[in-house]
Amino acid sequence: MKTYQITEWCHHFLETHVKPGDFCIDATAGNGWDTALLARLVGNEGTVLAFDIQETALENTRARLEREDLSHRVRLILDGHQNMEKYAQPDSVSCIVFNFGYLPSGDHALATRASSSIPAIQAGLSLLKKGGMMSLCIYSGGDSGFEERDALLAFLKDLDYKKYIVVLSQYWNRPNHPPIPAIIFKL
Ligand SMILES: C[S@@+](CC[C@H](N)C(=O)[O-])C[C@H]1O[C@@H](n2cnc3c(N)ncnc32)[C@H](O)[C@@H]1O
């Protein structure tokens, strides 16, 4: 049975959007769940770039891809996602995935931060082609605090509605600062 936890919710939209042959970016590789999904969806003709600032995250992602025989579809990049414009051309990317926060069972101090997350979203929006989609999993509370969530929500609210559709979902009946899934479509 599907539980529609936040990543499963976002995967639902990725599955409907990403097509064989697409060029996609996982901006936060972590343990590689999102990278592996994108790699499956783009097929043998497609490509995925996967960024993380932690070598451990890229090793975990590499191991997952090898287990699923998907490595040849993915380029792993040890760099901050705020630098993604160095690795792709404007208007070339079908889908970009952000899963903010910290590496589960990793160092919580190496979590994403608004100061780099917002420049990364801006960079990603310039790389998306028209009709492209960006998926964002936004967390708050606990070690994540509220600063990044609040900054991201304020930034998304101000995106030009003539250029982007921004849709947020809410786990309305869930206590304790539930995560917020967001989807952006570039018009
Ligand atoms: C919640 S985890 C990602 C989970 C992952 N998508 C998965 O499927 O397992 C967040 C990741 O963002 C990474 N991160 C933090 N700051 C970053 C940055 N500036 N650029 C790229 N990755 C970053 C962390 O190292 C961590 O691995």
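**Salt bridges, buried aspartates and a helix pair**

Okay, let's start with a pair of neighbours: arginine 149 and aspartate 150 meet side chain to side chain in a salt bridge, 3.0 Å from N to O. By salt bridge I mean a side-chain nitrogen of Lys or Arg within 4 Å of a carboxyl oxygen of Asp or Glu. Before I go on, this is a predicted model, so local features need pLDDT of at least 70 and side-chain atom pairs count only at pLDDT 80 or more, while totals for chains, interfaces and linings use all residues. Residues are numbered from 1 along each chain as its sequence is written, and side-chain values use heavy atoms, with hydrogens and water left out.

Back to that pair. Arginine 149 counts as partly exposed at 21% relative accessibility, and aspartate 150 is partly exposed too, at 41%. The cut-offs here: buried is under 20% relative accessible area, exposed is over 50%, and partly exposed is in between, with a 1.4 Å probe and protein chains only.

The next one joins arginine 40 to glutamate 68, with the closest N and O atoms 2.5 Å apart. Arginine 40 sits in helix 2 and glutamate 68 in the loop between helix 3 and strand 3 (74-78), so this pair ties together parts that are 28 residues apart in sequence. When I say helix or strand, I mean DSSP runs, H or I of at least four residues for helices and E of at least two for strands, numbered from the N terminus.

Aspartate 91 lies in the loop between strand 3 and strand 4 (93-99) and lysine 186 in strand 7, so here the parts tied together are 95 residues apart in sequence. Aspartate 91 is partly exposed at 47%, whereas lysine 186 counts as buried, at 12%.

Aspartate 52 belongs to strand 2 (residues 47-52), and its side chain reaches the backbone nitrogen of glutamine 54 at 3.0 Å. If we skip neighbours within four places in sequence, aspartate 52 is in contact with Thr28, Ala29, Gly30, Ala57, Leu58, Ile77, Leu78 and Asp79. Contact, by the way, means heavy atoms within 4.5 Å.

Aspartate 22 is another one to click on. Aspartate 22 is in the loop between helix 1 and strand 1 (23-26). It is buried and has no salt bridge, and the nearest side chain of opposite charge is lysine 129, 4.8 Å away. What aspartate 22 does have is a polar contact, side chain to side chain, with serine 94 at 3.3 Å. That term covers a pair of N or O atoms within 3.5 Å; within protein, one must be able to donate a hydrogen and the other to accept it, and residues adjacent in sequence count only if both atoms are side-chain atoms. Ser94 also turns up among the contacts of aspartate 22 beyond four places in sequence, along with His17, Val42, Gly46 and Thr47.

On to the helices. Helix 2 (residues 33-42) and helix 3 (residues 55-67) pack at about 35°, with their axes 9 Å apart. The residues making that contact are Trp33, Thr35, Ala36 and Ala39 on helix 2, and Thr61, Arg64 and Leu65 on helix 3. The axes are lines fitted to C-alpha atoms, for helices over the stretch in contact, and angles run from 0 to 180 degrees between N-to-C directions.

Tyrosine 4 is not a glycine, yet it has a positive phi of about 55°. It is in the segment before helix 1 (6-17) and is partly exposed, at 33%. Histidine 177, also not a glycine, has a positive phi of about 50°. Where is histidine 177 found? In the loop between strand 6 (164-168) and strand 7 (180-186), and histidine 177 is partly exposed, with a relative accessible area of 45%.

How values were computed
Lys and Arg count as positive and Asp and Glu as negative; His and the chain ends are not counted.
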